[in-house]
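This briefing covers selected features of one protein chain, grouped by topic. Please read it alongside the sequence and the coordinates.

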Amino acid sequence: MSQASSPGATATTVGAPALLHPLPSYLQADKLGPWGNYLQQVDRVIPHLGSLARWAETLKRPKRILIVDVPIHMDDGTVAHFEGYRVQHNVSRGPGKGGVRFHQDVTLSEVMALSAWMSIKNAAVNVPYGGAKGGIRVDPKKLSRGELERMTRRYTSEIGIIIGPNKDIPAPDVNTNEQIMAWMMDTYSMNTGSTATGVVTGKPVDLGGSLGRREATGRGVFTVGAEAARHIDLDIATARVAVQGFGNVGGVAGKLFAEAGARIVAVQDHGGTIYREAGLDVPSLLKHVAETGSVAGFAQAEKIDDDKFWEVDCEILIPAALEQQITRDNAGRIKARMIIEGANGPTTPEADDILQERNVLVLPDVIANAGGVTVSYFEWVQDFSSFFWDEAEINARLVRIMKEAFAGVWQVAQDHKVSLRTATFIVACKRILHTRELRGLYP
């Protein structure tokens, strides 16, 4: 046994099943937020890691955290300051990869957890990336287009010291899109003196973006959902589906499920909750959301209380909004047979336990919504080679990778008699820690 003597170090035992450690000084034990949920998920997988458990502390500490001040000139002549983050959780398997979100409730704990889930997600589908995530604490709806551009460019300049095509590749996330990525790419390129299309993914196609990227996460949700349905004898053609969030993820997934014959009976977003037992007209609803920004006011459905969404009669529930939506307070009321996590971290560990006791199959975010990063990987590869594939080829490659990854996770779950979430963590953490072990510690 080697005993560490410094206050921030950890005592380690070769082959130990779990490694206790003091929290970093920048965290509070009673306010861990989403990072606390991630740590609980890691704790559950450690007993299944065998000799690799000696490296488990690697998973519990982000490699690098950058907090930046983002000052910009506002349209009224004042100067405003925004808080920005970029967290690189693990880069043992390749450069960091993860989105950038603009939201008024962004916190360091949230970005840390999201970066860690990206590490797990990338390893689960076996793309050669580590996990990273970024964000700015801002309500972008309160900014003009000019203010939004200035904020994006200043943030990109501030984090430019740690991002790059071979270092860390941002992508869209909550409240960011192709235009934001175009500004980020241009800013990084101007600062480095050459066009670097591979510094971000999720760009416009005309700037080196990939066909199929916008729909990729929703397509992945549908793909793994269809695979899981086969295993539990659930006929999608007769299934009722409830979706929380109806943007690029929930909207695309809802459209694909509807095309497969399912009825989308309820949809909830920031504007409210709508319901129609006979099934919503998904193309009309998507058009309404594109025009108004929300499902609110959709004429072909009835409005119901937001809290009633969790009690809707359905076979499939797709949370595709924000994290920590399914908790111990509402997990017991969910009537679905299967939950497909389109969002990152929508289910708390306590809710996971309740759902497992009730035999509700949960398809975890770290496999279910990995379609986006998979096609981001395709985009990155295409940018490096300057050779682009057609959409049919991209979709076919995506579906194959998602099916193969899910099949592996399903088998591990059966072999170890664990949930699909823990099974995904087993697959991913073994890959990450095996790479860590092979590389060793420098110096």
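N359 sits in the loop that connects α8 and β12. The model is a predicted one, and in it the phi of N359 is near 60°, a positive value in a residue other than glycine. N359 is exposed, at a relative accessible area of 68%.

**Positive phi and cis peptide**

- N359 comes after helix α8, and its phi is positive.
- S386 is not a glycine either, yet its phi is positive, about 55°.
- The loop between α10 (371-385) and α11 (391-416) is the place of S386, and with a relative accessible area of 58% S386 is exposed.
- The peptide bond from Y442 to P443 is cis, and its omega is near 0°; P443 belongs to the segment after α12.

**Helix α8**

- Helix α8 runs over residues 349-357, and its buried residues are P349, A351, D352 and L355.
- These residues lie on the same side of α8, because they cover an arc of only 155° around the axis.
- The packing partners of the buried residues of α8 are α1 (33-45), β11 (338-340), β12 (361-363) and α12 (420-439).

**Helix α7**

- Which residues of α7 (residues 282-292) are buried? They are V282, L285, H288 and V289.
- Seen down the axis of α7, these buried residues fall within an arc of 120°, so they line one face of the helix.
- P283, K287, A290 and E291 are exposed and are carried by the face of α7 turned away from its buried side.
- On the buried side, the residues of α7 pack against α6, β7 (263-269) and β8 (272-275).

**G254 in helix α6**

- G254 is part of helix α6, which covers residues 250-259.
- Is G254 buried or exposed? Its relative accessible area is 0%, so G254 counts as buried.
- Apart from neighbours within four places in sequence, G254 is in contact with I264 and V282. V282 is also one of the buried residues of α7.
- Between G254 and G131 there are 28 Å in space, C-alpha to C-alpha, and the two are 123 residues apart in sequence.

**D30 before helix α1**

- D30 is found in the segment before α1 and counts as exposed, with 63% relative accessibility.
- D30 and Q40 are 10 residues apart in sequence, and their C-alpha atoms are 14 Å apart in space.

**The chain as a whole**

- The protein chain contains 12 helices and 12 strands.
- A compact globule of 443 residues would have a radius of gyration near 22 Å; the protein chain has 21 Å and therefore agrees with that value.
- The C-alpha trace spans about 65 × 60 × 45 Å along its principal axes.
- Of the 443 residues, 57% count as buried.
- Among contacts with a separation of 6 or more, 69% are between residues 24 or more positions apart.
- The accessible surface is about 18500 Å², and 50% of this surface belongs to carbon and sulfur atoms.

Key:
Residues numbered from 1 in each chain as written. Predicted model: local features only at pLDDT ≥ 70, side-chain atom pairs only at ≥ 80, totals over all residues. Heavy atoms only, no water. Buried < 20%, exposed > 50% of the residue type's maximum accessible area, 1.4 Å probe, protein only. Helix = DSSP H or I, 4+ residues; strand = E, 2+ residues; numbered from the N terminus. Arc of directions from axis to C-beta. Contact = heavy atoms within 4.5 Å. Rg over C-alpha atoms; globule rule 2.2 N^0.38 Å. Areas by Shrake-Rupley, 256 points an atom, 1.4 Å probe, with all protein chains shown as cover.
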